[in-house]
Amino acid sequence: MPLRQPTGTTCQRQAAPARGCSRWAAPASGAVLLLLVMHLLSVVRSSSYPAWDADMAFMGGPASKTGGLRASAGGGAHHREILERLPSGVAATTAKPQPQPAASSNTKMLFVTFGNTAFFDFTHNWVLSVRRLGVAYVVGALDRAMSDKCLQHGFPFVDLWKHQPTDESRRFLAQRRRLRSAPEEAQPAGEGGGASSFFRANFTTFRNMGATKVQFALSLLEADNGFDTVVVSDSDVVWRRDPTEYLEQHPSADWFVSTDCLSHEVELAWQPEHNQPRCGHIPGNVWGRAYNTGVFAVRNRPAARRLLELWRDKLLAPEQTIAEGTNSIFGITDQLALNMLLEEGSEWKLDADPEDRRNTLMRNGTLRLHPLPVLLFPGGHMAFVQRLPSKYRVEPYVVHATFQRYSTDLSRYGKRGRFRQFGLWLLDGPEYHSPPGARYLTYQNDVRQYIEHLVATRHGGILPLLQRHIIAMSYQLAQFRDALAVARMLNRTLVLPTSWCWCDYDWTPHIVEKCKIRGSDLRLPFECPADFVFHIPAMDLDARVNSTYRLPGFLEDPRAPAELRRSRAEVRVVPGPGRRAAPEGPGVGMTDSAAVLVSDKAARVLRMGAMEQEVLAVASPLQSVAVVTLSHMRPGLVRGFDRPEDSLEFDQLYESLTPEMYWCCAAEDFDKAPFWYQLPQPFGDIHSNGYGPWEPPGMTRPDWCDSPSLTRAEREWTSYANHPCQFLVNATAAAISSALS
């Protein structure tokens, strides 16, 4: 169902209806179902088709049908030695050598990831990150084209897509086809070349990928050829440090796993009964555990291997495909399956390991699990929203791009954008950082000062938090429109500034209570990822702009040329309407407007409401400068292009770059969930109706606030002081909301 503009708001736009959002609903009761409430909201990760030989092992011996491991010569002698210790029965070939850093002294740990063609760029980025560590690694290729790419780039890999299911596996698949009517499984993976599409978009394929990941990790350990630890991570992970030293500090742990906990403060305190969601992995807590399978490490011990076996079997069994709650149905992904297994025997009790208080005893005390701390092994919220590593000046071991705000088909662009913004997208080379002849435009974002001034001068010191956010985002989108127009007038690449937000973003309606996800350490307002303000997928998919914009942090990236730090100039934006220059030439006197423009040009001043000719005149002396900054930037800087047809063309471009610009979610009903941001008046309208200064959007109370048809949950969400149903009619609620931080 498409998201639509909530009735009664003034933050409207003329674009097409937004794409629908999907999210999990929560079951009502029961120990395991309570677990599902906390875990189904977490980001899940997996890999490809189930693929094993008759003994249910990937690399069972000389007669194995598993296909070949291609050992890259690029890994040097150290990597070849490691690869030779993988399970027997594999064929080895060589690929083009690739330069490698010095090999790690640790030859007992193997790093593993999985990928298919649709996600090859992330797998490539993952490989570059682990190569920097000098550790041994292998890639599980999930389709034929992925194997070809790995061979071409010199990655050690395993042809997982070739594997044929056993009779037992085929029985499971046949049952699942009857239950799920899954036509994509009509032919075995070995005949079809694997799943080259974005497999996460298909639940059945996504789940099969998870079974493959688990079985491969188990087989690596069962082969008993020298690996005492297998470190498995998704391809949307970037490794920053070798975790060997950290793992060795916890020798009694059988398993290590990341979590979706959003509070370093809770982990630092490590107290029982803290009652914080997502952080229930601390001993003495009985709910709120949120283990994330995107990063885990398994030691070669019986208890650890047994959990892998149970995990694999749970993903294969057709009766485990669906978990039913009172009013909800959940598909059991690999992440949920592991969380359910870890709950067994620990539903109402979570004890600490007597040998290490940071380990927990799971499954009736048979497994020692070590939850990896979020400060050192952060997910997307901790790394990119809360910016925990920067706050504590800590270099994390790994960063996982979880907590994405985009739908599945667009999430790859959001993940890549965040990696780029934080200097973690290692694939960018000179063509991105220093293209020949490139010149840049950036601008100062003063939205914090604007909001403070607005609150003080127009609202008597009280402006509800959600309303501040709507105004601030509309302000930044209007800034962006004008800056993009100036960049195109000057033929410069636009570098986006730091973004600021007053509300976090989440699909769970409880976020409207305080504009923060429950259990988060986030402080408001906060320096938010660029994708909270700008629609990064739309910008990356539009050929007109995808190569002529850069994300925040680009100018400070060490890979940027030194010229960008040396060659800079500032153009100051000042109040006052812009003036068009009169024609100049023999016998033509200089008008007052022309004289002002000459003065502005000399002072590097650009007046609000400028037209294209004025922008070009003021910037003309700066053509050789690498980076031009618009200081004191405010919405309304640009009135339009000189030619009306150019203004209309730009309006169409801007509209295509700003789809679905809303804050979400204040409800589960899509008619009540989003609050839309206001986009600036199109240049075409300004040409027709005249120029006026930018004004902040207002809000009107939705007409459904007092509807008797509201559900009990909707009545709860609309009762929060920070909801427009309250703060627009209740002065006390407005004051409470305004004080939130």
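**Figure 1. The disulfide between C705 and C725 in the predicted model.** In this predicted model, C705 and C725 are both buried. The two cysteines form a disulfide in which the sulfur atoms are 1.9 Å apart. The torsion about the S-S bond of C705 and C725 is about -80°, so this disulfide is left-handed. C705 is located in the loop between helix 23 (683-689) and helix 24 (712-718), while C725 belongs to helix 25 (residues 724-727), so the bond ties together parts that are 20 residues apart in sequence.

**Figure 2. The disulfide between C503 and C515.** The sulfur atoms of C503 and C515 are 1.9 Å apart and form a disulfide. About the S-S bond of this pair the torsion is about 40°, so the disulfide is right-handed. C503 and C515 each lie in the loop between strand 17 (499-501) and strand 18 (526-528), so the pair ties together parts that are twelve residues apart in sequence. C503 is buried, with a relative accessible area of 1%, and C515 is likewise buried, at 0% relative accessibility.

**Figure 3. The disulfide between C664 and C665, and the disulfide pattern.** C664 and C665 form a disulfide with their sulfur atoms 1.7 Å apart. The torsion about the S-S bond of C664 and C665 is about 75°, so the disulfide is right-handed. C664 is buried at 0% relative accessibility, and C665 is also buried at 0%. The count for the structure comes to five disulfides. With bonded cysteines counted along the chain, the disulfides follow the pattern 1-2, 3-6, 4-5, 7-8, 9-10.

**Figure 4. The surroundings of K672.** K672 is found in the loop between strand 25 (662-663) and strand 26 (675-676). The relative accessible area of K672 is 12%, which is below the 20% limit, so this lysine counts as buried. When neighbours within four places in sequence are left aside, the contacts of K672 are A666, A667, W704, L710 and E714.

Figure 5. The ring centres of F384 and F422 are 4.9 Å apart and the ring planes stand at 45°, so the pair is tilted. The pair links distant parts of the chain, 38 residues apart: F384 is in helix 12 (residues 380-385), and F422 is in the loop between helix 14 (411-421) and helix 15 (430-433). F384 is buried, with a relative accessible area of 1%, whereas F422 is partly exposed, with a relative accessible area of 25%. One aromatic cluster is formed by F119, F122, F384, F419, F422 and W425. The structure holds 30 aromatic pairs.

**Figure 6. Arginine residues over aromatic rings.** R358 lies over the face of W270, at 4.2 Å from the ring centre. R550 is placed over the face of Y432, at 4.1 Å from the ring centre.

**Figure 7. Strand 23 and its parallel partners.** In strand 23 (residues 627-631), five of the five residues are buried, so the strand is largely enclosed by the rest of the structure. Both faces of strand 23 are covered, with V627, T629 and S631 buried on one side and V628 and L630 buried on the other. Strand 15 (residues 440-443) runs parallel to strand 23 and is joined to it by four bridges. In this pairing, Y440 stands opposite V627. Strand 20 (residues 568-574) also pairs with strand 23 in the parallel sense, over five bridges. Here E570 stands opposite T629.

**Figure 8. The setting of the close-up views in the whole protein.** The secondary structure comes to 26 helices and 26 strands. Of the 741 residues in the protein, 60% are buried. Among contacts with a separation of 6 or more, 74% are between residues 24 or more positions apart. The accessible surface of the protein comes to about 28500 Å², and 50% of this surface belongs to carbon and sulfur atoms.

How values were computed
Residues numbered from 1 in each chain as written. Predicted model: local features only at pLDDT ≥ 70, side-chain atom pairs only at ≥ 80, totals over all residues. Heavy atoms only, no water. Helix = DSSP H or I, 4+ residues; strand = E, 2+ residues; numbered from the N terminus. Buried < 20%, exposed > 50% of the residue type's maximum accessible area, 1.4 Å probe, protein only. Contact = heavy atoms within 4.5 Å. Disulfide = S-S within 2.5 Å. Areas by Shrake-Rupley, 256 points an atom, 1.4 Å probe, with all protein chains shown as cover. Phe/Tyr/Trp six-rings, centres within 6.5 Å; stacked < 30°, edge-to-face > 60°. Lys NZ or Arg CZ within 6 Å of the ring centre and 35° of its normal. Pairing = 2+ DSSP bridges.
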